[in-house]
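Biologist: I have the sequence and the model open side by side, and I'd like to go through the fold with you. Could we begin with the overall picture and then move to single strands?

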Amino acid sequence: MKQALKSLSLLLFCLFAGTQVEASGGTNPDLTLDAVTKKQGEFFVATVSGTSTIPDLWFNGEHFSMFRQDNGSYRALVPVENLLKPGSYAVLAKAGEWKEKIPVQVASNNLPVQKIWLDEKTNRLKATEEEKAKVKRGLRTLSSIKLWSELLSYPCNGRKSSPFGVKRSYNGAPVSSYHKGLDIAVPQGTPVKSPARGKVVLTGYESNRFHVHGNTVIIDHGQGLTSIYMHLHSISVEEGNMVSKGDTIGTVGSTGISTGPHLHWGTYLYGTSVDPELFVRKVY
Ligand SMILES: [Zn+2]
């Protein structure tokens, strides 16, 4: 009898719970984007609501992990690579049996092409394999907890000497790279402050084979967002440290390949460089 009562109350509970779900508008998942057109170097904010299964998301053939938000929906900030060909693409999401596809457009950011002529000696100066691998791994850090919750602040205040995204052609060849950050020209020794809460995932030193980046710090802000600080004079944090917005992480310098004291500040989503000033202007 006791068992039967238990079963009955469980059945009633299930019925009641089922009714409630229906009353609140059904359980069909829904994919939304903040816009259907983005420029090179920007990102789509993709949200899937109405699912308890972690959705999968694709853009231009690449898979992006989605992260659960406080309101129960899942989100991914999907980067549009700065050299991605302008045109028609799609964002596709799947969860269980459900899938949804939204056609999107990528527009050119019309940034100028900088023609750089290097002599053979400078052209041969390349990052060491170790430096490249460590930086790549740091920038691709994916952790599920979102550590930032407000606007990012500039890591130091000064003249912007080179904007994000300027395309580069070396020695007359087609555009093959671009400026993956914002340069801020300030005197050597100026403190560099973390623009948001995060965890230090890399400290690299010129004296330890960081020949191109120079003294470097990478911070993981969670849910695919990382930031990098290059050419530092000194570093005042260690790998594994948690930093708050405004904490000093080092000082501006001219280490690595650099023509004078400046901070190179980059922000990355899933390892792809996006314009850091997007995060200064709007909270994501
Ligand atoms: Zn730079």
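Modeller: Gladly, and please keep in mind that this is a predicted model. Of the 284 residues in the protein chain, 36% are buried.

Biologist: How many helices and strands are there in the protein chain?

Modeller: The protein chain has four helices and 22 strands. Among its contacts with a separation of 6 or more, 65% are between residues 24 or more positions apart.

Biologist: Let's pick a strand, then. Why is β18 described as largely enclosed?

Modeller: Strand β18 covers residues 225–235, and eight of its 11 residues are buried, so the rest of the structure largely encloses it. Buried here means that 20 or more other C-beta atoms lie within 10 Å of the residue's own.

Biologist: Which strand is joined to β18 in a hairpin?

Modeller: That is β17, with two residues between the strands, and in this hairpin Gln223 takes a positive phi near 50 degrees. Strand β17 spans residues 215–222 and runs antiparallel to β18, with six bridges joining them. Asn215 stands opposite Leu232 in β18.

Biologist: And which way does β21 run against β18, parallel or antiparallel?

Modeller: Strand β21, residues 263–269, runs antiparallel to β18, and six bridges join the two. In this pairing Tyr229 stands opposite Trp265 of β21.

Biologist: What about β20, how many bridges join it to β18?

Modeller: Three bridges join β18 to β20, which is made up of residues 248–252, and these strands run antiparallel.

Biologist: Changing topic: what is the strand order in the open sheet that has β2 in it?

Modeller: That open sheet is formed by five strands in the order β2-β9-β8-β4-β5, and the pairing is mixed. The edges are taken by β2 (37–39) and β5 (62–65), and each of these has a single partner strand, so one side of each is left without a neighbour in the sheet. Direction ignored, neighbouring strands of this sheet are turned by 30 degrees against each other on average.

Biologist: Remind me, what holds strands together in a sheet, in general?

Modeller: Strands of a sheet pair through backbone hydrogen bonds, and they do so either parallel or antiparallel.

Biologist: So how does β2 run relative to β9, parallel or antiparallel?

Modeller: Strand β2 runs parallel to β9, which covers residues 98–107, and three bridges join them.

Key:
Residues are numbered from 1 along each chain as its sequence is written. This is a predicted model: local features need pLDDT of at least 70, side-chain atom pairs count only at pLDDT 80 or more; totals for chains, interfaces and linings use all residues. A residue is buried if 20 or more other C-beta atoms lie within 10 Å of its own, exposed if 12 or fewer, and partly exposed in between; C-beta atoms are placed from the backbone. Two residues are in contact if their C-beta atoms, placed from the backbone, lie within 7 Å. Two strands pair if DSSP finds at least two bridges between them. Axes are lines fitted to C-alpha atoms, for helices over the stretch in contact, and angles run from 0 to 180 degrees between N-to-C directions.
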